Amino acid sequence: MKTGKGLRVTAAALAGMVALAACGGGDDAADSGPATLRMTVWTANEAHLKLFNEIADEYKKTHSNIAEIKFDPLPFDNYTTTLTTQIAGGNAPDLAWIFENSAPDFVSSGALLPLDETLKKTEGYGYDDLSPATLKLWQDGGKLYAYPFSTSPFGVFVNTDLLKKAGQKTPAELIAAGQWNWTNALAAASAANAATGKAGIVIRDFDYKGWDNLSTYFTGWGAQAWSADGKTCGFTSPEMVDAMTTLHKAIFVDKAMPGPGTTADFFAGEAAMTVTQISRASLLKKDGFGWDLVPLPAGPKGNYSVVGQAGLGVLKKSKHAQAAADFLAYFTNATNSAKLAQFFPPPRQSQLTAETLAKTNPTLTPEQLQKVVIDGITNGVVKPNHAGQAELSQQVRASLDPLWKADADVKAVLDGVCTKIQPLLAK
């Protein structure tokens with residue numbers, strides 16, 4: 001659990017960015033000689049970093065003003081806290097990957113360099129090709145403050161070998177029969193655990209801490225963390241109570257999900273299914289188990305999709321802010337966007353076709369790309385995000401802690417969540 005001190009550092013850094021921005025942007029002319037740029041990223045995946053560095057190396061060949069471009073992986077669990085601590089400590093990166101849950105704070109802080117002018121004037125960039133829907137979270141006052149680097153729907157990776165060993169129908173078979181829903185998914189997960197001793201279904205990066213990843217589950221009930229205008233807590237709604245009651249039973253009675261303190265890595269063959277994004281496909285081993293990728297199971301409210309977004313922005317106080325913006329324009333141009341689409345679904349409308357994505361996603365079939373990625377982006381809702389997300393998330397996480405016990409009173413716990421966060425939402 002994040003400490004109160006860590007939360008205060010995050011909040012202070014985000015607030016302090018406003019003051020930093022008021023002092024003006026960085027000055028590329030302040031330092032003589034070629035610049036070194038640093039970009040913080042959440043991933044340490046070798047395949048991701050290899051591609052990033054290949055793009056950076058190509059850029060340096062024609063830009064003598066850039067000496068080096070470093071990609072700095074920060075731990076996923078503490079990414080935003082670490083980034084804002086760096087900013088508060090005067091060690092801000094030149095470019096930063098920003099999660100959707102902290103987008104409102106970063107975009108409104110004044111700490112990010114507007115990107116519109118740079119992207120629009122870059123020859124051949126094709127700014128109008130960017131889907132307006134993907135830009136919305138990253139805009140303020142008509143200006144774009146971060147490029148929607150990845151708009152990635154969540155799907156379910158399936159270990160078909162484990163399910164068959166447990167005598168269960170695969171999700172593909174359930175889809176064909178019109179029966180792919182959370183009731184059947186959890187039943188299959190429970191059976192897989194009973195028959196093999198492996199975990200049933202894992203919501204990756206939840207681990208009883210990253211509660212916002214549960215939106216990939218409770219959205220199927222029509223539940224939401226807070227209202228669309230962000231002013232009213234949604235944890236006490238009948239839909240949320242039903243969703244969380246079902247989840248609690250799945251964990252503590254049916255053993256369909258690993259309980260608190262238990263880890264299971266799907267990609268190491270330790271679980272029958274996992275809810276995650278296609279960027280994780282690179283973790284699959286060629287000589288591993290049989291697998292599939294399918295959309296999220298239908299919930300009581302029918303079919304749905306949840307999208308995770310990450311933006312890429314330039315810190316205004318970078319000593320090389322304009323050079324960083326120029327590199328961002330190259331890094332995200334049409335050619336490189338197509339390469340990056342192997343892991344990170346692009347915002348470019350021309351590239352959101354199964355045929356185009358298949359060229360750089362040989363691991364996934366055109367049908368998987370269409371059903372999970374393209375249809376998911378078209379119909380999906382973005383994970384919970386709100387101004388003051390750091391404090392809100394801390395309160396939600398702490399208030400949900402009593403739920404992760406076998407004898408928990410689900411409704412009472414959810415009432416407690418709203419008691420804690422409603423004053424913050426009403427600000």
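A crossing is left-handed if the near helix is turned anticlockwise from the far one by less than a right angle, and right-handed if clockwise. I kept that rule at hand while going through this predicted model.

**Entry 1: helix 2 and helix 12**

I looked up helix 2, residues 46-61, against helix 12, residues 321-331. Their axes come within 10 Å. They cross at roughly 115°. I noted the crossing of helix 2 and helix 12 as right-handed. Next I listed who makes the contact. Helix 2 brings Phe52, Ile55, Ala56, Glu58 and Tyr59. Helix 12 answers with Ala323, Asp326, Phe327, Tyr330 and Phe331. I then sorted this contact by class: 8 residues are nonpolar, 2 are charged and none is polar.

**Entry 2: helix 16 and helix 17**

I moved on to helix 16, residues 389-400, and helix 17, residues 410-425. Here the axes come within 8 Å and cross at roughly 165°. Angles over 145 degrees count as roughly antiparallel, so helix 16 is roughly antiparallel to helix 17. The crossing of this pair is right-handed. From helix 16, I wrote down Glu391, Leu392, Gln395, Val396, Ser399 and Leu400 as contact residues. From helix 17, the contact residues are Val413, Leu414, Gly416, Val417, Lys420, Ile421, Leu424 and Leu425. By class, I have 9 nonpolar, 3 polar and 2 charged residues for the contact of helix 16 with helix 17.

**Entry 3: the two domains**

I checked how the chain is divided. Domain 1 covers 35-152 and 308-381. Domain 2 covers 154-307 and 385-426. I put their C-alpha centres 27 Å apart.

Which three residues supply more than any other three of the area that domain 1 buries against domain 2? I got Asn101, Val372 and Val381, which supply 23% of that area.

Conventions
Residues are numbered from 1 along each chain as its sequence is written. This is a predicted model: local features need pLDDT of at least 70, side-chain atom pairs count only at pLDDT 80 or more; totals for chains, interfaces and linings use all residues. Side-chain values use heavy atoms; hydrogens and water are left out. Axes are lines fitted to C-alpha atoms, for helices over the stretch in contact, and angles run from 0 to 180 degrees between N-to-C directions. Helices (H or I, at least four residues) and strands (E, at least two) are DSSP runs, numbered from the N terminus. Angles under 35 degrees count as roughly parallel, over 145 as roughly antiparallel, 65 to 115 as roughly perpendicular and the rest as oblique. Contact means heavy atoms within 4.5 Å. Ala, Val, Leu, Ile, Met, Phe, Trp, Tyr, Cys and Pro count as nonpolar, Asp, Glu, Lys and Arg as charged, and the others, Gly among them, as polar. Domain bounds come from an automatic or database domain assignment. Buried area is the accessible area (1.4 Å probe) that two parts lose on being put together, summed over both.
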